[in-house]
Amino acid sequence: MIGVELRKLFGRPRTWVTIAVLNALPVLVAVLLQLTDLAPRPGEGPPFLSAVLTNGALFPLAALAIVLPLFLPIAVAVVAGDAVAGEAQAGTLRYLLARPAGRTRLLVAKLVAVIAFVLVTVLVVAGVGYVVGTTLFDAQPVGGGTSVSGTSLSQQELAGRSLMAIGYVTVSMLGVAAFGLFFSTLTDSPLAAALGALAVLVTSSLLFTLDAASPIAPYLPTRYWLAFVDLFRDPILWRDVVRGLALQGVYVGVLLAAAWANFTTKDVTS
Amino acid sequence: MAARGRGALARWAAVGLLVAALVALPSVVAALPADDADVPAAGLRDAVLASADVGFSGYAVSAGGLALPVSDRLTDVADLFSDRTLMRVWWRGPEDSRVDVVTAAGETGVHRDPGGTWTWDFEAATATRGAPAALALPTPPDLLPAALGRRLLSEATDDELARAGARRVAGRDALGLRLTPADAASSVGRVDVWVDPASGLPLQVEVFAEAADRPALDTRFLDLDLAVPPADVVAFTPPPDATVLPAPDTEELIAQAEERAPDVRLPGELAGLPRRTFEGVPDAVGMYGRGVTLLAAAPVPGRLAGGLREALTASPDAVTDELGTRVAAGPLGLMLVTPPDGPAYVLTGTVTLDALADAARRLPGAVS
């Protein structure tokens, strides 16, 4: 069933159009940066963007930081929101459930497909970022580069940490995917499910900037998203990375349980 | 149908229980009681003052609620006391340490060695070498609980100290030590220092303004490892592509400022606080008080006074009368004294606004 879902998702042209659109913004930023040579001032702009001018190999990280706050979660929310509600709207959910596989397995298969989408998207953004970064900017041929703490990183270390960052960003999106999937079991409208997941994200991002909300800040789904920067400090600052992974795990666990509780007893009429 | 309804109920009940357990978990962990120990207040202070050589590494957060009415030139200092500052620290000794201020998109690391400091700024890609100075503006390393706790307790007398229970800080049992300043002029209500009894390290420091329920400054460790960190983590070599800068010569700046300062004789006592000297403080600046109750007085040239008056009067809480303009930010008072004849003065310190007004009257040339 998982294979069927994966083929269905990646067989759709709109999946690839979404990934292409996601790559457009970082590429545009890279071209503008190359043409104007104007790096963001310290303390402004996405992480790593200032460092790209001296080391183009860092552009995959800057590209991830550019799409992470808004573009990537929107794409994930749309795909996850479509997972069950899309079938209901198209009138195909009944036929899917007529198979003996069971509703729980369908839910798991849908989640795995969304996770695969996130992973592919993040890998493509990072890959395109690497090609664009090393083509448009100077890459440091000897050694890998400088860590955020000012120490030298070898090429292997930089590559290893970049892979960890790609993994971390993928996991960070799982909370959004779980919200989208849960809302997708509540409604027959994919748009409503995607907007529901986005409403949660906007609320979380807004509360995170508010001092008055600091007691609940550690539990907000977007709280640890930028912690992938901590992987490039020396020594690595694991605290927020570990908390970010655990928090996404809790959101996925709870929302999947809620989706299961709702979906397995839902009257499917469409 | 009824069986299906019961099944749904059971499933939702299971999800509800899971959510309730997860939501309650942080509160249960936070409510774990801390072990108190029978250590007298003076003994705890002595342990704190002897802790400068204790090696450790950790992660600390300092949160300030002080909106300092200072000009644009001191934004770094103003941010330090009004924002949340996250710090990673590796401490091998007073002259061998590293403190990184961690921000979402970068970091600024201060590496101290016996010859001075290296300050690394990732986003600007600069490394600045500074020489040790007796007088310097506050920097993030000064706000570490361990450093701040030692500084604030360094002149506390036995009768100003009391024990204040125990609490969990950074996963350790910390003993409370409360400092209530004896000077009537003091604007500091109390300072609570939470100390690790085994090492003497302050784990949390809270500074309360008079009659305040919430601390004006709260700095604490979130993680702490009581092992001497390796030397190569603390040491620093500027990366090849960084811009290396010399630090501004503060001693030269202070000497120039002293030359330009109006020549006046400051009194031997202000607001009931006796004058004293600190290493590195120029003669033109009068320092008064002791412990956490300190007052500084300095004559300022007219141009500087104008800028300062503008900054002070912009604050809605500013009080302006015939003596000048004064404002309080938490326990910190700041006053620009503008006598009818003679130079203007700046008064600042951890004293009340009444004490500032009293001090202003005693300055040479002031309205009495």
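**View 1. A hairpin through 2 residues joins strand 3 of chain B to strand 4 of chain B.** Welcome to a predicted model, in which local features need pLDDT of at least 70 and side-chain atom pairs count only at pLDDT 80 or more, while totals for chains, interfaces and linings use all residues. Residues are numbered from 1 along each chain as its sequence is written, chains are lettered from A and ligands numbered from 1 in the order in which they are written, and side-chain values use heavy atoms, with hydrogens and water left out. Strand 3 (residues 96-103) and strand 4 (residues 106-113) of chain B run antiparallel, with 7 bridges between them; V99(B) has V110(B) as its bridge partner. Here strands (E, at least two residues) and helices (H or I, at least four residues) are DSSP runs, numbered from the N terminus, and two strands pair if DSSP finds at least two bridges between them.

**View 2. Strand 4 of chain B also pairs with strand 5 (residues 116-121) of chain B.** This pairing is antiparallel and has 6 bridges. R112(B) finds its bridge partner in T117(B) of strand 5, and the hairpin from strand 4 to strand 5 passes through 2 residues.

**View 3. The largest nonpolar core holds 86 residues.** Such a core is a set of buried Ala, Val, Leu, Ile, Met, Phe, Trp, Tyr and Cys residues joined through side-chain atoms within 4.5 Å, where buried means under 20% relative accessible area (1.4 Å probe, protein chains only). Among the members that touch the most others are F48(A), M173(A) and F232(A). Helix 7 (residues 103-136) of chain A gives the most to this core, with 11 residues.

**View 4. Here is F48(A) with its contacts.** Leaving aside neighbours within four places in sequence, F48(A) is in contact (heavy atoms within 4.5 Å) with residues including L58(A), V148(A), F228(A) and, from chain B, F122(B). Another core, of 43 residues, lies apart from the largest one, and V48(B) and L80(B) are among its residues.

**View 5. Chain B meets chain A through 31 residues of chain B and 36 residues of chain A.** The buried area (accessible area, 1.4 Å probe, that the two parts lose on being put together, summed over both) is about 2700 Å², of which carbon and sulfur atoms give 60%. The interface has 2 salt bridges, each a side-chain nitrogen of Lys or Arg within 4 Å of a carboxyl oxygen of Asp or Glu. R239(A) forms a salt bridge with D223(B), their closest N and O atoms being 2.9 Å apart. On the side of chain B that touches chain A, helix 1 of chain B gives the most, with 9 residues.

Note on methods: Buried < 20%, exposed > 50% of the residue type's maximum accessible area, 1.4 Å probe, protein only.
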